[in-house]
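Dear colleague,

Please read it with the definitions in mind, as they are given along the way.

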Amino acid sequence: MLTLGIETSCDETAVALVDNGRLLGEKLATQIDVHALFGGVVPEIASREHLRVLPRLFSELLDETGVKPDEIENIAVARGPGLLGSLLVGVSFAKGLCLSTNARLVGVNHLWAHLLAPGLEQELVFPAIGLLVSGGHTHTYLIKSPVEFELLGRTLDDAAGEAFDKVAKVLNFPYPGGRYIDQLSQESEPDTKLFPRAFIENQSLDFSFSGVKTAVANYVASHPELVFDEMADAAAINALSGDRREALSRVCASFNWSVADTLRIKVERALKKADGVKSLIVAGGVAANSMVREYMGRVAAENNLTLTLPGLSLCTDNGAMIAYAGWLFGSSGYSHDLALEAIPRGRVVPLDWTVNGDKSANE
Ligand code: KG4
Ligand code: ZN
């Protein structure tokens with residue numbers, strides 16, 4: 001079943017073609033450079049950029065794979081959560097294509113797609129605990145099958161990636177700064193007394209990262225020598241040396257530890273609450289973080305679980321994950337009609353699909 005995936009939920013425009021679970025080709029245009037000028041994603045600019053590049057990416061994808069529009073059977077689109085204006089670009093494009101080709105429309109929950117994406121590289125084992133750590137979300141799920149996700153915990157304030165990016169901003173690192181914090185962290189041992197691991201003295205599976213972000217901001221305010229005078233680029237970070245590099249690496253490692261160890265504690269807690277879990281899937285941009293990968297590896301080994309971590313290019317937003325999830329859903333008989341709604345961040349993505357033509361099955 002040939003499936004097109006369309007991703008426009010935030011600041012990457014991406015398309016991909018998956019044939020029976022195998023990636024045929026993908027195209028991606030990131031808007032990072034445009035938004036970096038403002039230190040974060042500007043929604044109005046994001047939607048205009050999607051509109052500008054999506055048709056071009058789609059025709060390049062067809063040229064490169066030799067696929068004709070009429071051969072596409074399934075059109076999968078990220079329908080939320082995300083920026084409403086951005087999502088609408090992808091959803092409208094998908095609906096237009098469905099009308100002109102008679103393909104089946106499949107609306108995909110962007111968060112589920114992140115967690116299913118590693119299926120492109122390795123077999124997914126269910127039931128699984130899924131940890132999604134991205135710039136916009138920190139969610140844990142019990143995943144019973146590719147279409148059964150039970151939300152166990154979520155962040156009450158900042159997402160993990162958002163905390164990384166805000167700390168990076170305080171240090172005057174380029175946006176998005178998570179990877180620079182990761183890079184410097186690898187050069188130092190964390191000081192585990194420096195910053196708190198927030199919201200762990202309870203039984204909750206929810207997260208809170210705004211406190212640790214503020215703790216780092218306060219620490220940095222009293223150590224102004226740590227901050228770059230103007231926004232650094234990768235070269236300026238690489239050029240840092242001596243005591244200053246050492247001190248900055250220690251702050252980065254200590255903050256990184258607070259986040260990674262909090263994730264570890266909550267995932268271990270989720271494992272105790274769920275029965276019969278066989279694997280741990282970690283996904284989203286922060287799944288690229290070295291310490292997070294190491295800690296999750298340890299949790300999986302200690303609990304005898306298969307660890308499923310996507311390769312680095314599948315961690316951040318991409319079209320392949322939407323096409324792959326769309327193929328999983330479409331080949332199991334799940335689809336939407338042209339009334340498919342885009343769902344902004346903050347609203348629950350409804351299970352409003354039709355299963356083998358029967359709309360009532362999920363209502
Ligand atoms: O999943 P993603 O591409 O976009 C969202 O859907 O949010 O995640 C982007 C987030 C950003 O916050 C970015 O700083 C963070 O992932 N990130 C990292 C690393 N690589 C990307 N955070 C920590 N360490 C990394 N190596
Ligand atoms: Zn994402």
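A pocket here is an open set of points, on a 1 Å grid over the protein atoms alone, where a 1.4 Å probe fits and protein lies on both sides within 12 Å along at least five of seven lines, while lining residues have an atom within 4 Å of a point. Grid points are joined across faces, edges and corners, and a volume is the space filled by probe spheres set on the points.

This is a predicted model, in which local features need pLDDT of at least 70 and side-chain atom pairs count only at pLDDT 80 or more, whereas totals for chains, interfaces and linings use all residues. Residues are numbered from 1 along each chain as its sequence is written.

The second largest pocket holds about 420 Å³ of space. Of its 21 lining residues, Leu-111, His-139, Leu-151, Arg-154 and Val-348 come closest to the centre. Strand S8 (148-154) gives the largest share of this lining, 4 residues (strands are DSSP runs of E, at least two residues, and helices runs of H or I, at least four, numbered from the N terminus).

The largest pocket has a volume of about 1200 Å³. Among its 40 lining residues, Ser-134, Gly-135, Asp-165, Tyr-175 and Pro-176 are the closest to its centre. Helix H5 (160-170) supplies the largest share of that lining, 6 residues. Because domain 1 (2-117 + 315-359) and domain 2 (126-309) both contribute to the lining, the largest pocket lies between them; the domain bounds come from an automatic or database assignment.

Best regards

Conventions. Chains lettered and ligands numbered in written order. Heavy atoms only, no water.
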